[in-house]
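Hi,

Here is the structure I promised to pass along. Have a look at it first, and then read on for what turned up.

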Amino acid sequence: MTLTIDEMAAFCKRKAIVFPSCEIYGSMSGFFDLGPYGVEIANNIKQSWWKFFVLDREDVVGIDGSAVNSKILWEASGHVQNFADIMVHCTKCKEKYRADVLVEDVLKLHTEGMNAEQLDAQIRKNNIKCTKCDSVLGAAAPFNMMFETYAGIKSPESLCYLRPETAQLIFANFRLVYDSARMKLPFGIAQIGKAFRNEIAPRNFLFRAREFEQMEIEYFIHPDMESECPCINEVIHDTLNIFSEAHQKNSAKPESMSVKEILLKKVMLPWHAYWMCMMLRWFTSLGAKSERFRCRQHVKEELSHYAKDTWDLEYEFPFGWKELQGMANRRDFDLKQHMQFSGKDLCLFDEKKKEKFIPYVVCEPSQGVGRAMLVFLFDAYEYDHKRENVVLKLSPKLAPFKAAVFPLLSNRPELVEKARQVFDSLKASLRVFFDDSGSIGRRYARQDEIGTPFCITVDFQTLQDGTVTVRNRDSTVQERILAIDLKSKLLKGLV
Ligand SMILES: [Zn+2]
């Protein structure tokens with residue numbers, strides 16, 4: 001049985017993972033608060049991403065840009081002019097709809113790339129009405145999705161924006177990073193941070209929220225290197241599930257292809273193939289199921305204004321295949337724009353050719369923390385009929401607690417005291433949970449549900465020979481080991 005997105009939201013609320021924001025005041029749609037266990041999972045996701053893509057690589061460095069930016073940054077990026085959804089509203093009850101979502105829902109039609117006129121035409125032709133009160137809808141019109149705010153006293157001059165994406169801060173800092181951190185091409189700049197989009201119709205829980213966190217890399221190369229990726233051999237035997245423009249136009253199924261084959265058939269540029277593989281490796285290294293991923297090429301009509309070629313890494317959610325991360329080849333679009341708007345020279349100098357050039361961004365592997373969290377939760381969630389509880393089979397790297405420690409009986413002070421000692425010996429090196437309430441079965445179930453990989457029980461034998469039982473979450477197999485060996489054994493199995 002697959003869980004729906006609403007059931008997942010209910011599970012997350014019950015298990016202290018994600019709450020609707022400020023629920024006591026009725027909560028605002030599209031905003032969420034992480035609970036005590038959710039904040040641990042999200043932190044683990046971010047730390048693991050940062051280690052995999054920044055700390056373990058020589059060619060990527062990080063920044064952490066400001067979330068409030070001056071208007072000109074977003075004029076340069078094109079967001080002030082273009083970052084809009086098409087909206088329609090009911091002429092009677094004033095309900096607002098995202099026109100593409102409404103048309104897709106009602107007509108089961110693909111609306112990617114349709115503009116306001118085309119969506120409006122679909123609404124008129126098919127006589128689509130307000131789904132709440134069945135009245136006529138007004139004309140479809142663009143609605144800019146950036147949140148506005150003011151730095152200082154409110155005035156037209158002090159207008160600024162909450163960033164709708166993290167990428168532009170990377171472009172704006174490109175030259176400073178290059179000079180001050182002494183980078184050499186090719187190199188990437190990574191960033192994890194909040195972004196804000198005033199979605200007309202946020203839905204599907206964390207999938208489309210108004211405030212979310214992005215993990216992003218902009219990867220810069222010399223323009224001559226667009227078709228040459230020096231690290232491609234690292235992934236040459238990896239396979240990707242390819243859903244190209246040709247597959248989509250011929251209504252063909254996605255095809256599993258090795259990177260070697262992908263390059264031979266010129267399906268994808270080597271840089272795209274490389275970064276797709278790295279992204280997929282990161283997901284699967286943390287327990288995600290590779291068969292639920294595919295790489296879908298944007299068809300011509302849906303390409304962004306800046307992109308030459310874009311591929312999305314998609315995941316099969318209960319509500320369909322959806323984008324996890326977009327990978328656009330933006331070339332020099334952004335740096336050129338920022339040069340023009342700032343008047344600053346962001347060019348680099350080619351020593352061999354003795355000429356200036358603007359670096360290309362060949363790939364921008366970016367994704368949301370919330371979407372990644374949904375992937376890991378969906379792939380980890382299992383209802384165990386024998387145990388009669390949910391077992392959240394999260395990778396130990398992502399689990400909020402690495403282990404839980406219990407005294408077998410809570411009314412025996414000698415067991416409680418010994419269990420406390422075991423807990424204290426672990427808590428400095430691992431995030432552990434202490435629980436002495438309820439039956440052992442209930443305590444196991446509670447830990448299963450939040451994904452704790454190991455449960456350690458102190459019993460009467462512990463008092464005699466210093467051994468404890470360690471129960472494995474997934475197999476329920478129990479093993480007796482010396483309490484003094486716990487730390488090294490757990491650390492070995494977890495990190
Ligand atoms: Zn209405």
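**What turned up**

Strand β12 (residues 239-243) is joined to β13 by four bridges, and the two run antiparallel. Within this pair, N241 sits opposite S256 of β13. Before going further, please keep in mind that this is a predicted model.

The pair belongs to an open sheet of five strands, ordered β13-β12-β14-β15-β16, with mixed pairing. At its edges stand β13 (255-258) and β16 (320-328); each has a single partner strand, so one side of each has no neighbour in the sheet. On average, neighbouring strands here are turned by 40 degrees against each other, ignoring direction.

Next, the overall division of the chain. There are domain 1 (5-80 + 147-379), domain 2 (84-144) and domain 3 (401-494). The centres of domain 1 and domain 2, taken over C-alpha atoms, are 28 Å apart. Four residues from domain 1 and nine residues from domain 2 make up the contact between them. On the domain 1 side, the residues touching domain 2 are two nonpolar and two charged, with no polar ones.

The largest nonpolar core holds 114 residues, and M276, M373, F376, V422 and I456 have the most contacts inside it. Helix α10 (residues 270-285) supplies the largest share of this core, eleven residues. Domain 1 and domain 3 each give at least three residues to this core. Another core, of 14 residues, lies apart from it and includes Y97, V103, C130 and L137.

Setting aside its neighbours within four places in sequence, F376 is in contact with L286, G287, A288, L394 and L398.

One more residue to look at is K46, in helix α2 (residues 36-55). Not counting residues up to four places away in sequence, K46 touches I192, M215 and V369. K46 and D379 are 333 residues apart along the chain, and their C-alpha atoms are separated by 18 Å.

That is the tour; I look forward to hearing what you make of it.

Best wishes

Notes
Residues numbered from 1 in each chain as written. Predicted model: local features only at pLDDT ≥ 70, side-chain atom pairs only at ≥ 80, totals over all residues. Core = buried A, V, L, I, M, F, W, Y, C linked by C-beta atoms within 7 Å. Buried ≥ 20, exposed ≤ 12 C-beta atoms within 10 Å, placed from the backbone. Domains from an automatic or database assignment. Contact = placed C-beta atoms within 7 Å. Pairing = 2+ DSSP bridges. Axes fitted to C-alpha atoms, helices over the stretch in contact; angles between N-to-C directions. Nonpolar A, V, L, I, M, F, W, Y, C, P; charged D, E, K, R; others polar.
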